[in-house]
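Student: Could you walk me through the ligand site in this one?

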Amino acid sequence: MTAERTEIHIAFEALELLLKEIFIHNGVSCSTADILAANCAGCERDGAISHGIFRIPGYLASLKTGWVDGHAVAEVSSVSPSFIRIDARNGFAQAALAAAAKDIDTAVARTGIAVVATRNSHHFSALWPDVEPFARRGLLAITFVNGLANVVPHGGHTPVYGTNPVAFATPIAGADPLVVDQATSVMANGEVRLHALANRPLPPGTGVDRAGNPSTDPHQVLEGGALNTFGGYKGSSIALMVELMAGALTGGQLSFENDFGDCIGAQTPKAGQLLIVIDPDRGGNFGFSRRVALLCDRLREAGQERLPGKRRYESRLNASQLGIPILEEDLRYLETLADH
Ligand code: NDP
(Lines give C-alpha, C1' and ligand atoms only; values in the text may rest on other atoms or scores of the structure.)
Protein backbone atom coordinates (compact mmCIF):
# COMPACT_ATOMS: atom_id res chain seq x y z
CA MET A 1 0.00 0.00 0.00
CA THR A 2 1.39 3.42 -0.93
CA ALA A 3 1.38 6.26 1.57
CA GLU A 4 -1.44 7.83 -0.45
CA ARG A 5 -3.75 4.87 0.09
CA THR A 6 -3.44 4.82 3.84
CA GLU A 7 -6.68 4.15 5.70
CA ILE A 8 -7.34 6.49 8.58
CA HIS A 9 -10.35 7.02 10.84
CA ILE A 10 -12.52 10.08 11.22
CA ALA A 11 -15.14 10.85 13.86
CA PHE A 12 -18.74 10.95 12.60
CA GLU A 13 -19.13 14.58 13.70
CA ALA A 14 -15.94 15.65 11.87
CA LEU A 15 -17.04 13.97 8.63
CA GLU A 16 -20.53 15.44 8.97
CA LEU A 17 -19.09 18.94 9.42
CA LEU A 18 -16.74 18.56 6.44
CA LEU A 19 -19.61 17.36 4.22
CA LYS A 20 -21.79 20.25 5.39
CA GLU A 21 -19.04 22.68 4.39
CA ILE A 22 -18.81 21.00 0.96
CA PHE A 23 -22.54 21.27 0.38
CA ILE A 24 -22.67 24.92 1.48
CA HIS A 25 -19.61 25.75 -0.64
CA ASN A 26 -21.38 24.21 -3.64
CA GLY A 27 -24.72 25.97 -3.53
CA VAL A 28 -26.78 24.26 -0.83
CA SER A 29 -28.65 26.17 1.88
CA CYS A 30 -27.39 25.73 5.45
CA SER A 31 -30.48 23.80 6.59
CA THR A 32 -30.41 21.39 3.63
CA ALA A 33 -26.63 21.00 3.97
CA ASP A 34 -27.17 19.89 7.59
CA ILE A 35 -29.62 17.21 6.43
CA LEU A 36 -27.55 15.94 3.49
CA ALA A 37 -24.33 15.90 5.52
CA ALA A 38 -25.90 13.86 8.33
CA ASN A 39 -27.41 11.49 5.78
CA CYS A 40 -24.21 10.99 3.75
CA ALA A 41 -21.94 10.69 6.83
CA GLY A 42 -24.47 8.23 8.29
CA CYS A 43 -24.21 6.06 5.17
CA GLU A 44 -20.40 6.08 5.33
CA ARG A 45 -20.51 5.26 9.08
CA ASP A 46 -22.95 2.38 8.53
CA GLY A 47 -20.85 0.88 5.74
CA ALA A 48 -23.53 1.79 3.16
CA ILE A 49 -20.64 3.05 1.06
CA SER A 50 -22.50 3.06 -2.26
CA HIS A 51 -24.38 6.05 -0.79
CA GLY A 52 -21.63 7.62 1.32
CA ILE A 53 -18.83 9.97 0.27
CA PHE A 54 -18.59 8.13 -3.04
CA ARG A 55 -21.75 10.06 -4.02
CA ILE A 56 -20.36 13.55 -3.36
CA PRO A 57 -19.10 14.19 -6.92
CA GLY A 58 -22.57 13.20 -8.20
CA TYR A 59 -24.29 15.62 -5.82
CA LEU A 60 -21.93 18.40 -6.88
CA ALA A 61 -22.35 17.69 -10.61
CA SER A 62 -26.13 17.99 -10.23
CA LEU A 63 -25.76 21.24 -8.28
CA LYS A 64 -23.19 22.72 -10.66
CA THR A 65 -25.35 22.13 -13.75
CA GLY A 66 -28.43 23.60 -12.07
CA TRP A 67 -30.26 20.26 -12.34
CA VAL A 68 -31.16 20.35 -8.64
CA ASP A 69 -31.92 23.38 -6.48
CA GLY A 70 -29.89 23.27 -3.29
CA HIS A 71 -31.91 26.17 -1.88
CA ALA A 72 -35.36 24.73 -2.64
CA VAL A 73 -37.96 25.12 0.08
CA ALA A 74 -40.52 22.32 -0.12
CA GLU A 75 -44.24 23.07 -0.13
CA VAL A 76 -46.11 20.79 2.29
CA SER A 77 -49.91 20.41 2.10
CA SER A 78 -52.03 18.26 4.39
CA VAL A 79 -54.82 17.39 1.96
CA SER A 80 -56.70 15.14 4.40
CA PRO A 81 -56.15 14.23 8.07
CA SER A 82 -53.69 11.52 7.02
CA PHE A 83 -52.55 12.39 3.48
CA ILE A 84 -49.66 14.81 3.06
CA ARG A 85 -48.47 16.05 -0.29
CA ILE A 86 -45.02 17.51 -0.72
CA ASP A 87 -43.77 19.42 -3.73
CA ALA A 88 -40.02 19.35 -3.23
CA ARG A 89 -39.69 22.12 -5.82
CA ASN A 90 -36.75 20.44 -7.49
CA GLY A 91 -34.87 20.06 -4.22
CA PHE A 92 -33.48 17.10 -2.31
CA ALA A 93 -35.98 14.52 -1.04
CA GLN A 94 -34.52 14.35 2.47
CA ALA A 95 -34.99 18.10 3.01
CA ALA A 96 -38.55 17.83 1.71
CA LEU A 97 -39.31 15.02 4.15
CA ALA A 98 -37.83 16.99 7.03
CA ALA A 99 -40.10 19.91 6.15
CA ALA A 100 -43.12 17.64 6.67
CA ALA A 101 -41.99 16.23 10.03
CA LYS A 102 -44.58 18.08 12.13
CA ASP A 103 -47.43 17.26 9.73
CA ILE A 104 -46.46 13.58 9.79
CA ASP A 105 -46.47 13.52 13.59
CA THR A 106 -49.86 15.24 13.68
CA ALA A 107 -51.40 12.85 11.15
CA VAL A 108 -50.10 9.75 12.94
CA ALA A 109 -51.23 11.03 16.33
CA ARG A 110 -54.73 11.88 15.03
CA THR A 111 -55.43 9.04 12.63
CA GLY A 112 -52.80 6.34 13.24
CA ILE A 113 -51.32 6.74 9.75
CA ALA A 114 -49.55 9.25 7.54
CA VAL A 115 -49.26 8.82 3.80
CA VAL A 116 -46.60 11.18 2.48
CA ALA A 117 -46.41 11.68 -1.29
CA THR A 118 -43.39 13.64 -2.48
CA ARG A 119 -42.95 14.78 -6.07
CA ASN A 120 -40.42 16.87 -7.91
CA SER A 121 -37.64 15.58 -5.64
CA HIS A 122 -34.12 14.21 -5.96
CA HIS A 123 -33.30 11.09 -3.94
CA PHE A 124 -29.65 10.15 -4.28
CA SER A 125 -29.13 8.18 -1.09
CA ALA A 126 -29.99 5.05 0.82
CA LEU A 127 -33.56 4.83 2.13
CA TRP A 128 -32.93 3.49 5.62
CA PRO A 129 -32.34 7.02 7.04
CA ASP A 130 -35.89 7.88 5.96
CA VAL A 131 -37.52 5.04 7.93
CA GLU A 132 -35.27 4.01 10.84
CA PRO A 133 -36.00 7.14 12.95
CA PHE A 134 -39.75 6.37 12.89
CA ALA A 135 -39.15 2.81 14.16
CA ARG A 136 -36.98 4.22 16.96
CA ARG A 137 -40.13 6.07 18.05
CA GLY A 138 -42.28 2.92 18.01
CA LEU A 139 -43.78 3.42 14.53
CA LEU A 140 -43.77 1.31 11.38
CA ALA A 141 -42.55 2.97 8.20
CA ILE A 142 -42.30 1.86 4.58
CA THR A 143 -41.03 3.94 1.69
CA PHE A 144 -40.71 3.62 -2.08
CA VAL A 145 -38.54 5.66 -4.46
CA ASN A 146 -38.28 5.58 -8.25
CA GLY A 147 -35.53 7.08 -10.34
CA LEU A 148 -33.93 7.00 -13.74
CA ALA A 149 -34.73 4.19 -16.19
CA ASN A 150 -31.79 1.80 -15.96
CA VAL A 151 -33.54 -1.51 -15.24
CA VAL A 152 -35.20 -3.78 -17.83
CA PRO A 153 -38.52 -5.44 -16.96
CA HIS A 154 -38.51 -9.24 -16.76
CA GLY A 155 -38.06 -10.74 -20.23
CA GLY A 156 -37.49 -7.29 -21.74
CA HIS A 157 -34.55 -5.55 -23.39
CA THR A 158 -35.15 -1.83 -22.83
CA PRO A 159 -34.86 -0.03 -19.49
CA VAL A 160 -38.16 1.16 -18.04
CA TYR A 161 -37.74 1.11 -14.24
CA GLY A 162 -35.27 2.80 -11.95
CA THR A 163 -33.50 0.62 -9.42
CA ASN A 164 -36.67 1.42 -7.44
CA PRO A 165 -35.74 0.75 -3.81
CA VAL A 166 -38.08 -0.10 -0.94
CA ALA A 167 -37.26 0.30 2.75
CA PHE A 168 -39.24 -0.93 5.75
CA ALA A 169 -38.59 -0.34 9.43
CA THR A 170 -40.28 -1.70 12.52
CA PRO A 171 -39.57 -1.43 16.24
CA ILE A 172 -38.41 -4.59 18.03
CA ALA A 173 -38.93 -4.80 21.80
CA GLY A 174 -35.56 -4.53 23.53
CA ALA A 175 -33.47 -4.16 20.36
CA ASP A 176 -32.53 -1.81 17.53
CA PRO A 177 -35.27 -1.58 14.90
CA LEU A 178 -35.46 -4.14 12.12
CA VAL A 179 -34.70 -2.29 8.89
CA VAL A 180 -34.93 -3.77 5.41
CA ASP A 181 -33.61 -1.51 2.66
CA GLN A 182 -33.12 -2.85 -0.84
CA ALA A 183 -33.18 -2.01 -4.51
CA THR A 184 -35.58 -4.00 -6.70
CA SER A 185 -32.78 -4.41 -9.24
CA VAL A 186 -30.39 -7.32 -8.77
CA MET A 187 -27.82 -4.76 -7.63
CA ALA A 188 -28.00 -1.06 -6.75
CA ASN A 189 -26.54 1.23 -9.43
CA GLY A 190 -23.97 2.59 -6.97
CA GLU A 191 -22.68 -0.95 -6.46
CA VAL A 192 -22.30 -1.40 -10.23
CA ARG A 193 -20.29 1.83 -10.32
CA LEU A 194 -18.06 0.58 -7.51
CA HIS A 195 -17.51 -2.61 -9.57
CA ALA A 196 -16.66 -0.46 -12.61
CA LEU A 197 -14.16 1.61 -10.63
CA ALA A 198 -12.46 -1.58 -9.46
CA ASN A 199 -12.82 -3.24 -12.92
CA ARG A 200 -14.54 -6.12 -11.14
CA PRO A 201 -16.97 -8.30 -13.16
CA LEU A 202 -20.58 -8.47 -12.04
CA PRO A 203 -22.18 -11.76 -11.00
CA PRO A 204 -23.97 -13.44 -13.94
CA GLY A 205 -27.57 -12.29 -14.29
CA THR A 206 -26.93 -8.77 -12.97
CA GLY A 207 -27.52 -6.89 -16.20
CA VAL A 208 -27.50 -6.52 -19.96
CA ASP A 209 -25.47 -4.56 -22.52
CA ARG A 210 -26.92 -1.88 -24.83
CA ALA A 211 -28.22 -4.57 -27.22
CA GLY A 212 -30.11 -6.28 -24.38
CA ASN A 213 -27.70 -9.23 -24.21
CA PRO A 214 -26.62 -10.57 -20.77
CA SER A 215 -23.40 -8.92 -19.59
CA THR A 216 -21.16 -9.19 -16.56
CA ASP A 217 -19.12 -6.13 -17.60
CA PRO A 218 -20.06 -3.21 -15.29
CA HIS A 219 -18.90 -0.70 -17.93
CA GLN A 220 -21.27 -2.19 -20.53
CA VAL A 221 -24.13 -2.19 -18.04
CA LEU A 222 -23.51 1.46 -17.16
CA GLU A 223 -22.83 2.69 -20.70
CA GLY A 224 -26.09 2.09 -22.52
CA GLY A 225 -26.88 -1.24 -20.88
CA ALA A 226 -29.17 -1.85 -17.91
CA LEU A 227 -29.73 -3.93 -14.80
CA ASN A 228 -32.18 -6.77 -14.30
CA THR A 229 -34.85 -6.79 -11.63
CA PHE A 230 -34.26 -9.23 -8.76
CA GLY A 231 -36.23 -12.45 -8.45
CA GLY A 232 -37.45 -12.94 -12.02
CA TYR A 233 -41.02 -11.91 -12.86
CA LYS A 234 -41.98 -11.55 -9.18
CA GLY A 235 -39.23 -9.00 -8.52
CA SER A 236 -40.15 -7.26 -11.77
CA SER A 237 -43.72 -6.88 -10.52
CA ILE A 238 -42.46 -5.39 -7.26
CA ALA A 239 -40.42 -2.87 -9.29
CA LEU A 240 -43.65 -2.08 -11.15
CA MET A 241 -45.51 -1.47 -7.89
CA VAL A 242 -42.71 0.79 -6.60
CA GLU A 243 -42.77 2.70 -9.88
CA LEU A 244 -46.49 3.39 -9.51
CA MET A 245 -46.41 4.18 -5.78
CA ALA A 246 -43.40 6.52 -6.04
CA GLY A 247 -43.72 7.88 -9.55
CA ALA A 248 -47.43 7.93 -10.39
CA LEU A 249 -49.33 8.23 -7.10
CA THR A 250 -47.17 11.12 -5.95
CA GLY A 251 -47.46 13.13 -9.17
CA GLY A 252 -43.73 12.57 -9.74
CA GLN A 253 -42.19 11.43 -12.99
CA LEU A 254 -42.05 7.81 -14.03
CA SER A 255 -38.47 6.60 -14.33
CA PHE A 256 -38.65 6.39 -18.12
CA GLU A 257 -39.84 10.01 -18.29
CA ASN A 258 -36.72 11.21 -16.55
CA ASP A 259 -33.72 12.63 -18.39
CA PHE A 260 -31.06 15.16 -17.54
CA GLY A 261 -31.90 17.48 -20.44
CA ASP A 262 -29.10 19.97 -20.98
CA CYS A 263 -27.59 19.28 -17.58
CA ILE A 264 -24.73 17.11 -18.84
CA GLY A 265 -23.03 15.28 -15.98
CA ALA A 266 -25.92 15.68 -13.52
CA GLN A 267 -26.50 12.49 -11.56
CA THR A 268 -29.35 12.88 -9.07
CA PRO A 269 -32.55 11.38 -10.51
CA LYS A 270 -35.62 13.61 -10.25
CA ALA A 271 -38.58 11.45 -9.35
CA GLY A 272 -40.96 10.71 -6.50
CA GLN A 273 -41.14 9.09 -3.08
CA LEU A 274 -44.01 7.61 -1.14
CA LEU A 275 -43.68 7.14 2.63
CA ILE A 276 -46.28 5.48 4.84
CA VAL A 277 -45.96 5.78 8.62
CA ILE A 278 -48.23 3.63 10.81
CA ASP A 279 -48.84 3.58 14.56
CA PRO A 280 -48.88 -0.18 15.28
CA ASP A 281 -50.80 0.36 18.53
CA ARG A 282 -53.91 0.99 16.40
CA GLY A 283 -53.85 -2.65 15.29
CA GLY A 284 -55.25 -4.18 18.48
CA ASN A 285 -52.24 -6.48 18.42
CA PHE A 286 -51.31 -6.69 22.13
CA GLY A 287 -47.71 -5.48 22.04
CA PHE A 288 -46.63 -5.30 18.42
CA SER A 289 -42.91 -4.79 19.07
CA ARG A 290 -42.86 -7.88 21.34
CA ARG A 291 -44.47 -9.86 18.51
CA VAL A 292 -41.69 -8.64 16.20
CA ALA A 293 -39.10 -9.74 18.77
CA LEU A 294 -40.77 -13.15 18.95
CA LEU A 295 -40.62 -13.53 15.18
CA CYS A 296 -36.96 -12.43 15.03
CA ASP A 297 -36.09 -15.00 17.75
CA ARG A 298 -37.89 -17.67 15.76
CA LEU A 299 -35.98 -16.68 12.60
CA ARG A 300 -32.68 -17.05 14.45
CA GLU A 301 -33.74 -20.40 15.91
CA ALA A 302 -34.68 -21.45 12.38
CA GLY A 303 -31.13 -20.68 11.23
CA GLN A 304 -31.25 -17.08 9.95
CA GLU A 305 -28.61 -15.43 12.11
CA ARG A 306 -28.09 -12.51 9.77
CA LEU A 307 -31.21 -10.37 9.81
CA PRO A 308 -31.52 -7.24 7.64
CA GLY A 309 -29.82 -4.24 9.24
CA LYS A 310 -27.36 -6.34 11.27
CA ARG A 311 -24.34 -5.45 9.12
CA ARG A 312 -25.15 -1.73 9.26
CA TYR A 313 -25.56 -1.73 13.04
CA GLU A 314 -22.23 -3.54 13.42
CA SER A 315 -20.52 -0.95 11.20
CA ARG A 316 -22.16 1.80 13.25
CA LEU A 317 -20.91 0.30 16.50
CA ASN A 318 -17.38 -0.09 15.14
CA ALA A 319 -17.41 3.50 13.89
CA SER A 320 -18.54 4.78 17.29
CA GLN A 321 -15.54 3.05 18.88
CA LEU A 322 -12.83 3.53 16.26
CA GLY A 323 -14.15 6.28 13.97
CA ILE A 324 -15.24 5.89 10.36
CA PRO A 325 -12.58 4.28 8.14
CA ILE A 326 -11.66 6.51 5.19
CA LEU A 327 -8.76 6.60 2.74
CA GLU A 328 -6.46 9.50 3.47
CA GLU A 329 -6.54 10.51 -0.21
CA ASP A 330 -10.35 10.61 -0.12
CA LEU A 331 -10.31 12.82 2.95
CA ARG A 332 -7.82 15.23 1.29
CA TYR A 333 -10.06 15.29 -1.80
CA LEU A 334 -13.11 16.15 0.31
CA GLU A 335 -11.13 18.93 1.99
CA THR A 336 -10.38 20.47 -1.41
CA LEU A 337 -14.10 20.37 -2.26
CA ALA A 338 -14.80 22.28 0.95
CA ASP A 339 -12.10 24.77 -0.11
CA HIS A 340 -9.90 24.08 2.93
P1 NDP B 1 -28.29 -5.04 -0.25
O2 NDP B 1 -28.60 -6.11 -1.23
O3 NDP B 1 -26.89 -4.83 0.14
O4 NDP B 1 -29.12 -5.26 1.09
C5 NDP B 1 -30.51 -5.27 1.03
C6 NDP B 1 -31.11 -5.56 2.39
O7 NDP B 1 -30.86 -6.93 2.70
C8 NDP B 1 -30.51 -4.76 3.53
O9 NDP B 1 -31.51 -4.49 4.46
C10 NDP B 1 -29.45 -5.72 4.09
O11 NDP B 1 -29.14 -5.47 5.46
C12 NDP B 1 -30.12 -7.03 3.90
N13 NDP B 1 -29.21 -8.13 3.70
C14 NDP B 1 -28.07 -8.15 2.96
N15 NDP B 1 -27.52 -9.38 2.98
C16 NDP B 1 -28.33 -10.15 3.75
C17 NDP B 1 -28.30 -11.50 4.14
N18 NDP B 1 -27.32 -12.32 3.75
N19 NDP B 1 -29.28 -11.96 4.93
C20 NDP B 1 -30.29 -11.15 5.33
N21 NDP B 1 -30.37 -9.85 4.99
C22 NDP B 1 -29.41 -9.36 4.21
O23 NDP B 1 -28.91 -3.63 -0.78
P24 NDP B 1 -29.07 -3.11 -2.25
O25 NDP B 1 -27.79 -3.29 -2.96
O26 NDP B 1 -30.31 -3.64 -2.87
O27 NDP B 1 -29.30 -1.56 -1.98
C28 NDP B 1 -28.24 -0.80 -1.41
C29 NDP B 1 -28.71 0.58 -1.07
O30 NDP B 1 -28.97 1.32 -2.24
C31 NDP B 1 -29.99 0.66 -0.24
O32 NDP B 1 -29.68 1.45 0.90
C33 NDP B 1 -30.99 1.38 -1.13
O34 NDP B 1 -31.87 2.24 -0.44
C35 NDP B 1 -30.06 2.19 -2.00
N36 NDP B 1 -30.68 2.57 -3.25
C37 NDP B 1 -31.06 3.87 -3.44
C38 NDP B 1 -31.65 4.27 -4.62
C39 NDP B 1 -32.14 5.66 -4.81
O40 NDP B 1 -32.68 5.97 -5.86
N41 NDP B 1 -31.98 6.56 -3.88
C42 NDP B 1 -31.84 3.34 -5.73
C43 NDP B 1 -31.46 1.97 -5.39
C44 NDP B 1 -30.89 1.62 -4.21
P45 NDP B 1 -27.84 -4.56 5.85
O46 NDP B 1 -28.28 -3.15 5.61
O47 NDP B 1 -27.56 -4.87 7.26
O48 NDP B 1 -26.73 -4.99 4.93
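Tutor: What follows is a short talk about the ligand and its surroundings. The model is predicted, so local features need pLDDT of at least 70 and side-chain atom pairs pLDDT 80 or more, while totals for chains, interfaces and linings use all residues. Residues are numbered from 1 along each chain as its sequence is written, and side-chain values use heavy atoms, with hydrogens and water left out.

Student: How many residues surround the ligand, and which are the closest?

Tutor: The ligand is surrounded by 20 residues, the closest being H51, S125, D181, A183 and R311, where near means that a heavy atom of the residue lies within 4 Å.

Student: And by class, what does the shell have?

Tutor: There are 8 nonpolar, 7 polar and 5 charged residues in the shell, with Gly counted as polar and Tyr, Cys and Pro among the nonpolar ones.

Student: Which polar backbone atom is 2.7 Å from a ligand nitrogen?

Tutor: That atom belongs to S125, and a polar backbone atom of K310 is 3.3 Å from a ligand oxygen; a polar contact here is a pair of N or O atoms within 3.5 Å.

Student: Switching topic, which domains supply the shell?

Tutor: At least three residues come from each of domain 1 (1–64 + 309–340) and domain 2 (74–185 + 229–306), with bounds from an automatic or database domain assignment.

Definitions and conventions. A polar contact is a pair of N or O atoms within 3.5 Å; within protein, one must be able to donate a hydrogen and the other to accept it, and residues adjacent in sequence count only if both atoms are side-chain atoms.
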